[in-house]
Amino acid sequence: MQNPQSYIRSNIAGFVNLLEIAKAANPQPAIVWASSSSVYGLNTENPFSEIDRTDKPASLYAATKKAGEEIAHTYNHIYGLSLTGLRFFTVYGPWGRPDMAYFFFTKDILQGKSIEIYKTHDQKEVARDFTYIDDVVKGCLGAVDTAEKSTGSGGKKKGPAQLRVYNLGNTSPVPVGRLVWILEGLLETKAKKHVITMPRNGDVPFTHANVTLAHKDFGYKPTTDLATGLRKFVKWYVGYYGIQPRTKKETQPTDESG
């Protein structure tokens, strides 16, 4: 909301730049690119499926990702580019994005700072389909391995080309409150929680992926639950940032010599 042009530059202008280069190449490459679960916007179907409508984005970010999917269709139709869009669902893990909730929650809990936990306007918990990075990477490789060749060359289409879109999620939404509870246990530190109503900034109250199509087409099957994934993330985090483990008070041995 503070810097809307950044989304336009990256997700629309940047994507078109990529497609312009690809369409003129000889041979044209096949492209697997990052869409987002945000395209489902105000969709109320549950879980989210690729056949659901995605024409009611709730944020500018979502609108630019939806625009990317429509632009992909255009370049596929006109130039014969093979394009696969992947709708990622809240990807987390080592080397993740510091602006994601699980990441800055960890930082703030360790520093003793208060964290904000959102409730919906009807006072329900916000939930996300958290997907561990290793599972997502397997999905990306599956999409690459099954991508067909583009059919054009030098900017001219020679026949119909592959156009696909897939959900890559974990299929099990978890309330953000449970995410915090797991982190508290792993960090051995109680979080200072501040529960507030979700601001009207275009965020959605829940996400839930149906991954049947990705499973059918390239065997995508997430296997990492949130507790396991967060344990791996926290191990990386404390190592990477040099966090000293909390030392428990040593108990004095009892003297039984009389």
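1. Lys65 counts as buried, because its relative accessibility is 11%. Buried means under 20% relative accessible area, exposed means over 50%, and partly exposed lies in between (1.4 Å probe, protein chains only). The place of Lys65 is in helix 2, residues 60-79. Helices (H or I, at least four residues) and strands (E, at least two) are DSSP runs, numbered from the N terminus. Leaving aside neighbours within four places in sequence, Lys65 is in contact with Asn11, Trp33, Ala34, Ser35, Ser36 and Val39. Contact means heavy atoms within 4.5 Å. Between the C-alpha atoms of Lys65 and Tyr75, 10 residues apart along the chain, there are 15 Å.

2. A word on the basis. This is a predicted model, in which local features need pLDDT of at least 70 and side-chain atom pairs count only at pLDDT 80 or more, while totals for chains, interfaces and linings use all residues. Residues are numbered from 1 along each chain as its sequence is written, and side-chain values use heavy atoms, with hydrogens and water left out.

3. Now the overall picture. The protein has 7 helices and 9 strands. Its C-alpha trace spans about 95 × 40 × 30 Å along the principal axes. Of the 258 residues, 41% are buried. Among contacts with a separation of 6 or more, 83% come from residues 24 or more positions apart.

4. UniProt lists residues 1-149 as "domain: NAD-dependent epimerase/dehydratase", in an unreviewed entry. UniProt positions are given in the numbering used here, feature names are shortened, and annotations may be inferred rather than shown by experiment. Over residues 1-149 the chain is 43% helix and 15% strand. The end C-alpha atoms of that stretch are 38 Å apart.

5. Helix 3 deserves a look. Its buried residues are Tyr102, Phe103, Phe105, Thr106, Asp108 and Ile109. They pack against strand 3 (91-92), strand 4 (114-119), helix 5 (176-187) and helix 7. Gly112 follows helix 3, with a positive phi near 75°.

6. Take helix 3 (residues 101-110) with helix 7 (residues 226-240). They pack at an angle of about 55°, and their axes are 12 Å apart. Axes are lines fitted to C-alpha atoms, for helices over the stretch in contact, and angles run from 0 to 180 degrees between N-to-C directions. Helix 3 and helix 7 are therefore oblique to each other. Angles under 35 degrees count as roughly parallel, over 145 as roughly antiparallel, 65 to 115 as roughly perpendicular and the rest as oblique. Helix 3 passes helix 7 in a right-handed crossing. A crossing is right-handed if the near helix is turned clockwise from the far one by less than a right angle, and left-handed if anticlockwise. Helix 3 brings Tyr102, Phe103, Thr106, Lys107 and Leu110 to the contact, and helix 7 brings Leu230, Phe233, Trp236 and Tyr237. These residues divide into 7 nonpolar, 1 polar and 1 charged. Ala, Val, Leu, Ile, Met, Phe, Trp, Tyr, Cys and Pro count as nonpolar, Asp, Glu, Lys and Arg as charged, and the others, Gly among them, as polar.

7. Helix 5 is another partner of helix 3. The angle here is about 45°, with the axes 10 Å apart. That makes helix 3 oblique to helix 5. The crossing is right-handed. Tyr102, Phe105, Thr106, Ile109 and Leu110 in helix 3 meet Val176, Leu179, Val180, Leu183 and Leu187 in helix 5. The contact holds 9 nonpolar residues, 1 polar and no charged.

8. Most residues other than glycine have a negative phi, and most peptide bonds are trans. The bond from Asn26 to Pro27 is cis, with omega near 5°. Pro27 lies in the loop between helix 1 (4-24) and strand 1. Asn46 and Pro47 are also joined by a cis peptide bond, with omega about 0°. Pro47 is in the loop between strand 1 and helix 2.

9. Two non-glycine residues come next. Thr90 has a positive phi of about 40°. Its place is in the loop between strand 2 (83-88) and strand 3. Thr90 counts as buried, at 19% relative accessibility. Glu188 has a positive phi of about 50°. Glu188 lies in the loop between helix 5 and strand 9 (192-197), and at 43% relative accessibility counts as partly exposed.
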